Amino acid sequence: MRKRLVWPVVAALGLTLGLTAPTGATAAPALSPALSPALSPVAEQLPALKALAEAGQARLGLTRSPMQDAALAAIDPTQYECSAAPPPVLSAILPDATNWTPDQRLAATLVLIFDIPMVDAVYLPQSGPFTYGADGDFTAQVNRTDRSLRTFWDIPSAGIELVPAHGHSLLNPAVSARVLTALYGVNPATAQAVGELIAVQLNTPALNQGDLPVFTFNAYAASGGEVIPGYPTAVRRIVLGDGVLDGFAKVGLGDVAPRAILAHEFGHQVQFADNLMRTDLPAPEASRWAELMADAFSSYFLAHARGGAVQWKRAQQFSQVFFQVGDCGFSAPGHHGTPTQRMRTALWAYNVADTARPQGHILPALTFHSLFVAHYPQLIAPDATS
């Protein structure tokens, strides 16, 4: 089992790149006629590759964000604060693909539909030393937060791995090839061809040598239950994509977003350890339950004097992190909660820590969970104000 903070924004990016045609949009022209002759065979396999990607993601339980779904058209603006306009962080990470060649667009499409760097980091062996952020800018902050989380929550944490996902890993054809063969069942010859295509086409300044935030705009928590044939037994793991760290830095949240995101993913590890997931609920509600609870674990840690010790001004900032990754895909299996619900949850948990006496006492995870359960109806109520 794994949970994620947000899914790569393939649909929104597709409009920018001319790669996909969401519902109601004008279909993009076919890529194949303009491709280099050597790449046409890969392009011809794109429909089959997309089908393999969807099947593999379904097998692994990787649910797409409702931002990609037609459910967005059914948003009720009188009930929830969701709009068709992309959140600021999404606008900040979309690349200018005006001058990209068809070959480069094909390579970007393949990276996105297979979610290559993120899936590689979640399921396949990784080797350090690890840095966080495309330029390593968040390494110290992430490592400090990781050490603090492991002593803050009362769960066994020694076996939880923390690893990054780098876009520049795509410059190594072997990375893409092993993902495609081990996780998606692509035949080795095609996987190698795709890996080489991606490596060559991304290794340009226009695509920032692979380090485009959209390729790694995500974070995951894996419970270690998924074993990939041919690889060692899966481990409990948290993955932080460079893109999600760099993306929030672009909108002025770089000093708080890495801590909030890591603490959210660690919250999922608390859920795994204490068996707090709900299997008795429909998929959208089970997902919302899990994600809002992880938001609450994150915010309680950040606000606590023995955790992040974040002051009120910063609390408002980290609540914006969760607000910007909320969604209104109420019927989608990966529904995470609306922007308002996610921000409301973050601020509620902040107040639990801020008003507690004595300040130095850390609530056991199960005690905090009980508070969350009691308050949950208010957190998700459309007209709730607290």
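Here's a quick briefing, starting with the whole protein and then moving on to individual spots.

Keep in mind that this is a predicted model. The protein has 386 residues, and 56% of them count as buried. Its secondary structure comes to 15 helices and four strands.

**The overall picture**

- Take the contacts between residues at least 6 apart in sequence: 79% of them join residues that are at least 24 apart.

**The nonpolar core**

- The largest nonpolar core is made of 94 residues, and Trp 153, Tyr 300 and Phe 368 have the most contacts inside it.
- Helix 12 (residues 283-303) gives this core its largest share, namely nine residues.

- You'll find His 369 in helix 15 (residues 365-380).
- His 369 has a relative accessible area of 15%, which is under the 20% cut-off, so it counts as buried.
- Not counting residues up to four places away in sequence, His 369 touches Leu 276, Trp 289 and Met 293.
- His 369 and Phe 297 sit 72 residues apart in sequence, yet their C-alpha atoms are 8.4 Å apart in space.

**Thr 145 in helix 7**

- Thr 145 belongs to helix 7, which covers residues 139-152.
- With a relative accessible area of 6%, Thr 145 is buried.
- Beyond its neighbours within four places in sequence, Thr 145 is in contact with Arg 259, Leu 262 and Phe 301.

**Helix 10, mostly tucked away**

- Helix 10 spans residues 242-250, and seven of its nine residues are buried, so the rest of the structure largely encloses it.
- Those buried residues are Asp 242, Gly 243, Val 244, Leu 245, Asp 246, Gly 247 and Phe 248.
- After helix 10 comes Gly 252, which has a positive phi near 85°.

- As background, phi is negative in most residues other than glycine, and most peptide bonds are trans.
- Gly 128 and Pro 129 are joined by a cis peptide bond, with omega about 0°.
- Pro 129 is in the loop between helix 6 (116-123) and helix 7.
- Another cis peptide bond runs from Arg 357 to Pro 358, with omega near 0°.
- Look for Pro 358 in the loop between helix 14 (339-355) and helix 15.
- Gln 209 is not a glycine but has a positive phi, near 50°.
- The loop between helix 9 (188-202) and strand 3 (219-222) is where Gln 209 lies, and at 30% relative accessibility Gln 209 counts as partly exposed.
- Ala 309 is another residue other than glycine with a positive phi, near 50°.
- Ala 309 is in the loop between helix 12 and helix 13 (312-324), and its relative accessible area of 37% makes it partly exposed.

Key
Residues numbered from 1 in each chain as written. Predicted model: local features only at pLDDT ≥ 70, side-chain atom pairs only at ≥ 80, totals over all residues. Heavy atoms only, no water. Core = buried A, V, L, I, M, F, W, Y, C linked by side-chain atoms within 4.5 Å. Buried < 20%, exposed > 50% of the residue type's maximum accessible area, 1.4 Å probe, protein only. Helix = DSSP H or I, 4+ residues; strand = E, 2+ residues; numbered from the N terminus. Contact = heavy atoms within 4.5 Å.
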